[in-house]
Structures are given as C-alpha cells and as structure tokens.
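Thanks for passing this one along. Here are my notes, in the form of a few numbered points to read beside the coordinates.

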Amino acid sequence: MANSMAKSFLQAAATEEVVSPLRVVQIEGLVILKIIKHCKEFSPALVTGQLLGLDVGSVLEVTNCFPFPIREEDEEIEADGANYQLEMMRCLREVNVDNNTVGWYQSTILGSYQTVELIETFMNYQENIRRCVCIIYDPSRSNQGVLALKALKLSDSFMELYRANSFTGEKLREKNLSWMDIFEEIPIKVSNSALISAFMTELESDTPVTQCDYDRLQLSSNPYMERNMEFLIECMDDLSVEQQKFQFYYRSLSRQQAQQQAWLQKRRADNMQRKAAGEDPLPEEDPSNPIFKPIPEPSRLESFLITNQIANYCNQINGVSGQSFNRLYLMKSLHDN
Amino acid sequence: MAAGDRTVLQFNSPSSASLSAKVHPLVIFNICDCYVRRPDQAERVIGTLLGSVLPDGTVDIRNSYAVPHTESAEQVALDIEYHHNMLVSHQKVNPKEVIVGWYSTGLGVTGGSALIHDFYSREVSNPIHLTVDTGFRNGEGTVKAFVSVNLALGDRQLAAQFQEIPLDLCMVEAERVGFDILKKTAVDKFPNDLEGMEVTMGRLSALIDDVYKYVDDVVEGRVPADNNIGRFIAETVASLPKLSPPAFDKLMNDSLQDQLLLLYLSSIARTQLGLAEKLNTAAQIL
C-alpha cells in the first residue's frame, strides 16, 4: 500500500516546479574573452550582445555568446537585426553550441548603466525566458587592472511593481522597496574546460609580472577620478531636479487641500444658512470643481535610478582611492629605502 | 656529365620569408571549445580564421568559427554555405575582419588538408593554416602556423609544401583578465580592487627580492657578473627621481589629501542619498 507515498503521475505533472532562486552565474573563460574583445574594440561606443547557455537548478551557465551589430537608426535594419540573430543561432546550433538564450551583455562607461532602457529590456526578456541575466562590462576600468564584470538581475518585487506601473510612495512603503532593491547582483564563477586550462597553463608567459600588474601599479589615476567626479556631479544635478519635482508636487497638493478645506467650509456655512431658511442642503462634495481633481504623483522610478547611479560612482571612487593609498605608501617606502 | 641534363627541384623562394602570424588567445579558446563540442564521429575540427593583415605584413588572427565538415579516407567535404553564412554574419558586426586562413586540430598536416587549403586559397591569397594540437601528442600543446609554398619542377607544378612560419601569441587581453582566472577550471570569484593590489604588490616584492639575491650573489662571487644586467639594474635604480625629502613629503601629502577629499566627498554623497530617500518615501500627506 504505497499509494499514499507515490503521487500519481497526473499529480506530479500538475504541481509546478518551484523555481529555485538564482544563486550563481557560471561563465566560461571563452565568454569573458569574447565580451572583453568586443567591448574593447568598439569603446567608447556602447555595444551589446547575446548570451547563450543553460539554466541548471540554482546555477545559470553561460557557455557562449555572440555580439550584435551596431544598430543604425534606419527602420529597415530592425528586420535585419532579427534575421541576424536567427541566423547566428541556427549556425551555432549546427556546431553543437547551446542554443538557449539566457540573457544579454552590454558595455558601459564608468558604471553609468542604470537607465530605463535597461529595465525595459529586462522586462522584454523576462516575458520569454524564465531566468535571464544581464552582464555589464566596463572597459574603462580594465586600465586600472580590475576586471569589472557584473551580473545583474531585476528583483522580483520590483518587477511586480513595474508591471503595475505604479511608483507611488505608499506602494513602495508597502513593499519596503528602497533604491537598493531594484537590481540584484549575482556572484560570478568562472569555469573552464580542462583542455583550455591545459593550454593556458602551457601558453602562459614565463614572466612573473603581467600587464595587469603594470596597470595596477600606475600612479596616475587622476583622469579616471576626474571623469568619475564629472559624472557624479551631473547625476547630483539630475537628482536635485527630481527632488524639486517632488517638492512642487507636495506644495501643490497641500495648496489643493487648503483650497478644498476652504471650499468645504464655505459649503457648510451655506448649508447652515439654507437650513435656517428651510431649503435643501447642497451636497458637500462637488466632483466637477477643478480643485477636487487629484494631482498625479510623479513616478519615483527616475530618482531611484539616479540614486543607484550615484551610489555606483561613489563605490568606484572608494575603490580607486583605496588603490591609490596603497600605491602612495608604496612609493613612500621605496623612496625612503 | 652534362649539368644541363639534370632537372633541379626548385623551391620558389618564399616571398613570404618575412611572413609571421600573431594569434589572440580568443582564437585558441574558440578552437578548444569547438573541439570539445565536436560531433562524435569527427576526429578533428576544421574552421575559418578571421583577422587582418597588418601594414608590416604580419597576419593578425583575431577570431574564428568552426565549419562542419565530413572526412573519410578518400575525400573531404566542407559545408561551404555554412562558411559563407557565418562570414556574412561576423562581418556585420566587424566589417574589418576578413578571412586570413583556416585551422584544424591535430598535430600534423594530412592529405586532406591540402585540398582544404586549396579551397581557402581561392578565397584569399596565401591563407595561413593553423594547427592546434589538442591531443597533446608531444606532451605539450603545440600551436603551429603554416603557409603553402608551391614546389615546381622546372616549369611544372609538383606539389604544395607546407612551410612553417613563426607564430607569436599575443596575450595582452588574457593578461589583462589575469591568467589566474583563465587557467583554472573553476574560480570562485574575481579579485576585487584591494585583493588585486595585494597580489600585485606581492609579486613586486618577490621581484625585488630576486634582484637583491642576484646582486648579493654577484658581489660574493657565486654567480658570474653579467654586465648587461648590471647596467639595467643601475639604470632602474637611477631612474627614481631625485627629490629632496621635504619636497617628496609635500608631494605625497598633497596626493594623500586629494584622495582623502574624494573619499570624504563620496561618503557625504552617500549619506545624503540615504537621507533623501528616507524623506521621499516616508513623507505622508496628512
């Protein structure tokens, strides 16, 4: 009598499998090199490409990728773009490459990637694929000797809000969503096939010091910091514009409320007079009066995104300052010796 | 002995005597990946090499893609349409990359290779043939590049000979990423800014120790002195700019203060963000 233990096939097929949360993105060295090559060749223009791989349990494996051609502004190129994608996927399929789209990658400049377009692209992808990631690569930071590769995903609560398209204060407070919760960063693991690691070990040059080290020990980080500060200042300006919008909204809202109260008082006074005169009281609400029209609350999405950007810039500045401190003290000790 | 009776086997002096090739690590990764994914019945993988020819004649191999093919004892069949489709697709992204040759895995050059080389020489003049030994037959992974040279007997074409040309591995990107990441089969996380600095400084101090040891050895007579190395060391030490201690201290303190200022500014900005957000979302209209 094992019936109680064994689920019937129908039952098993009917229960939806629980989607385990995405914990790690596993990238192959091949994909990293391809992304770096593509982004570096076209920098400072921003480029994008498609990621292919497999979705296994809580790990998203990215095994290959291909770049997108730079999109012109013409309309007819739209169809071309779709054709290119299909063609590439078909050709890669023939050589046994995983044919599954798992996301896309894009390059960025100094970490300024949080835009509304990114969110929209995410939503587009999310409709078709259950789990997708966006990999962001920053070629300007590789001059500092740091591999600036990040895997991002929109958090679920944010996606629900976005679909409902409401970013008012109460909703956000309900969900307890702050600007940090929009994007989730997923840790990246690198894996290589044994053949490739054998080759790389073989081909690694014998010098104990690589170009990476030279980049890291460079003393001048000024140009990079200057650009970072410029971007930061611009973002602060944008943020203050958004703040002013809010202030304006609150002010007009409170003014409207004052007007409503005044009108209500007048109505009540009128009604008292009418009662005294024995007439019917007028209704206390008047929806056709323009002062009762609700003012739409401005969306907080922009300010959240800008806040995210600013936080990013600050983090970068911190990182680079840390490195510079190291270098300066190193210089000092070398000089003393 | 009439010397004129002998026919001489004539090698066309390779006009490509100065030809050399540079290959990027991405190509090797691609080839290995295609080899690992090859269909079961195939012994080796064949594909096209893309790149450009630099002004000084070196061929720069930057990208590659595999082409499905079937091979038997007598004949070789290559999927030409696939090859053209992929070429068109790749050129949409990167119009500067053109065909510069073809690759195959496996150590030597086989009979079938000559046919394939013939096909590719119809596409581009003087294609490069790259062999990547994925079987590690010599105990190490060898990557070799060949060009084909025509063997002529008098006026008649006899055969084509594959001549090896010097191959240079241009590893700048791989170095940038860090061989440590690409070498292992699994890396758990990237080193962030400070960890990377640690590694670099460790390497630097190891290098300095090596130089010290060498100089000590030479002074004590354990190692014969090499004048060139000695001159290098002297130059390096002399290249430290001569600044008087107060000037150097001032310089260092100024830079330090600049960095501290930036750090302070970014911390303030972050605090302000936290405040602003609290104000924005916590404000309620009563």
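The points below cover salt bridges, strands, aromatic rings and a surface patch.

1. A word on the source before anything else: this is a predicted model, so please take every value below as computed from it.

2. Let me start with the charged side chains. The structure holds 10 salt bridges over all chains. One of them brings together A:Lys37 and B:Glu97, with N and O 3.1 Å apart. A:Lys37 sits in helix 2 (residues 29-42) of chain A, while B:Glu97 belongs to the loop between helix 2 (80-93) and strand 7 of chain B, so this pair joins two chains. A:Lys37 counts as buried at 7% relative accessibility, and B:Glu97 is buried too, at 2%.

3. A second contact between the chains is the salt bridge of A:Glu41 with B:Arg62, whose closest N and O atoms are 3.9 Å apart. It runs from helix 2 of chain A to strand 4 (residues 59-66) of chain B. Here A:Glu41 is partly exposed, with a relative accessible area of 34%, whereas B:Arg62 is buried at 18%.

4. Which residue of chain B forms a salt bridge with B:Arg62? That is B:Asp60, with the closest N and O atoms 3.3 Å apart. B:Asp60 is buried, as is B:Arg62. A network of salt bridges links A:Lys37, A:Glu41, B:Asp60, B:Arg62 and B:Glu97.

5. Next, have a look at strand 7 (residues 98-105) of chain B. Of its 8 residues, 7 are buried, so the strand is largely enclosed by the rest of the structure. It runs antiparallel to strand 3 (residues 46-53) of chain B, joined by 6 bridges, and B:Ile46 has B:Ser104 as its bridge partner. With strand 8 (residues 128-132) of chain B the arrangement is parallel, with 5 bridges; there, B:Thr105 is partnered by B:Val132.

6. On to the rings: there are 8 aromatic pairs over all chains. A:Phe66 and A:Phe68 have their ring centres 6.0 Å apart and their planes at 75 degrees, so the pair is edge-to-face. Both residues, A:Phe66 and A:Phe68, are buried, and together with A:Tyr84 they form one aromatic cluster. In chain B, B:Arg38 lies over the face of B:Tyr35, at 4.2 Å from the ring centre.

7. Finally, the surface. A:Leu334, B:Ile208 and B:Tyr212 form a nonpolar patch there, with about 290 Å² of accessible area together. A:Leu334 comes from helix 10 (residues 301-336) of chain A and is partly exposed, at 36% relative accessible area.

Note on methods: Residues numbered from 1 in each chain as written. Chains lettered and ligands numbered in written order. Predicted model: local features only at pLDDT ≥ 70, side-chain atom pairs only at ≥ 80, totals over all residues. Heavy atoms only, no water. Phe/Tyr/Trp six-rings, centres within 6.5 Å; stacked < 30°, edge-to-face > 60°. Buried < 20%, exposed > 50% of the residue type's maximum accessible area, 1.4 Å probe, protein only. Lys NZ or Arg CZ within 6 Å of the ring centre and 35° of its normal. Patch = residues over 30% accessible without salt bridge, like charges linked within 9 Å, V, L, I, M, F, W, Y side chains within 5 Å. Areas by Shrake-Rupley, 256 points an atom, 1.4 Å probe, with all protein chains shown as cover. Salt bridge = Lys/Arg side-chain N within 4 Å of Asp/Glu carboxyl O. Helix = DSSP H or I, 4+ residues; strand = E, 2+ residues; numbered from the N terminus. Pairing = 2+ DSSP bridges.
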